[in-house]
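Please look through the sequence and the model below before reading on.

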Amino acid sequence: MTTIKYKVPKLDGPIDWTVEVPGSKSMTNRALLIAALADGTTTLKGVLFSEDSRNFLSCLKALGFQVRIDEIKKMVTVEGLNGTIPVTSGEIYVGSAGTAARFLTAMLAMAEGTFVINSSEQMKKRPMKPLFHVLEDIGAEIVYLEKEGFLPIKIKGIGGRLPIDKRCNIKLDISESTQFLSALMLISPMVKQGLCIEITSVRKDGAYIRITRKMMEQFGVVIDFDGTRYFVEQGVCYSSGCYQIEPDVSAACYFYAAAALTGGRTIVKNITWKCMQGDLKFLELLEKMGCQVTETSDGIQVCGATNGRLKGITVDMKDFSDQTMTLAILAPFADSDIRIENIGHIRLQESDRIHAIVTELTRLGISCKEETDAITIHPGTPKPVVIQTYEDHRIAMAFALIGLRVEGIEISNPMCCKKTFETYFEVLDSLCNQTVNLQ
């Protein structure tokens, strides 16, 4: 079987790019769940259409929800039933989407009926146990169909069997994934007597949790947080209506990193400082490394350091860890070491991302040190190599950028990017061709 490869076009000078990226994956899947639980018809605009979101949409359809899709207009309309699931039995396939797996498991645990939740082999390896334990503690029945603590499962929902006169109290550890907390917060309107979630891990909050809270508030459900516990009042419900999803800041950061690498300029349309996504912190990081970041009428603009020579830095990336790979590929071109800390949880994502980063940088001829929850990367000159991507979209998209500076960089299995940004390499090719034609 021949492995598909993408050869990155090396550029001979700075870029000058204006680019539009798809909608936010994290916001798309949150909005889809909220719309399904809302009271009435919700129209979502700026929807991301990718492998993850299509799996989420297929799950909603399999559960009997009326869903209308217009990919050209990037719109989805969902008929919500105020917390009721249209069917009481069935099977859904969440693919490799962590958000779909965690969010829909929590929803079905609160529903009436028995359901099978299946997933890709990749998702079967990702942590679910803390969420399963909480759901079992409050009355859901879970049968493990393969390995205990992991998908696939058969789940029998609570279906309103909680005591109606007593607030539901939950204890939850979110050290492995904040998606467990987001899942429980998002389905909280299904718990009619109110919900209190006490966080038992050291980590109590995070960027994606704040996105969840903000979006819930925009749909009419307020969550209070006292530093340890999250509270949802009894009798709340999501309002239906029209909702605009932000462009994906995570995707935008690859194009901003290209400006940093080449000493050029990138504007990503409609990315502003008002966006609620935590990966905006990556732009602050680029400023500290010598780039100029300004907001224009079209979107935020990044101008790279002269000749792409960046400053070394030590940074805690716990709150925007999806950009660990993006920072890692800038490191060989910095003037001193780059150290990335507090990222142990990314070992449990689409791949063991710490080990994957260190393995591929080492193959590129870059010296680096792998720790349990940190990486130190030394400056160096990358050599030509075929990058292995580990079925991980962020490894593929980030490591491709090295090829803008280094001849002979190829990406193995580039279409793993379809998980979140299926046209990424088409967009990158088009932008590079424009640059070559202008040089």
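## A parallel strand pair

Two strands count as paired if DSSP finds at least two bridges between them, and strands (E, at least two residues) and helices (H or I, at least four) are DSSP runs numbered from the N terminus. In this predicted model, local features need pLDDT of at least 70 and side-chain atom pairs count only at pLDDT 80 or more, while totals for chains, interfaces and linings use all residues. Residues are numbered from 1 along each chain as its sequence is written, and side-chain values use heavy atoms, with hydrogens and water left out.

Strands E6 (residues 89-93) and E7 (residues 114-118) run parallel and are joined by five bridges, with Gly90 standing opposite Phe115 in E7.

## Helix H7

Helix H7 (residues 207-218) has 12 residues and reaches 17 Å from its first C-alpha to its last, close to the 16 Å expected at 1.5 Å a residue, where the expected span is 1.5 Å times one less than the number of residues. Its buried residues (under 20% relative accessible area, 1.4 Å probe, protein chains only) are Ala207, Ile209, Ile211, Thr212, Met215 and Met216. Gly220, whose phi is positive, near 95°, follows H7.

## Nonpolar cores

A nonpolar core is a set of buried Ala, Val, Leu, Ile, Met, Phe, Trp, Tyr and Cys residues joined through side-chain atoms within 4.5 Å. In the largest one, of 82 residues, Trp17, Leu327, Leu330 and Tyr424 touch the most other members, and helix H8 (residues 249-262) supplies the largest share, 12 residues. Apart from this core lies another, of 80 residues, including Leu63 and Ile142.

Technical notes:
Buried means under 20% relative accessible area, exposed over 50%, partly exposed in between (1.4 Å probe, protein chains only).
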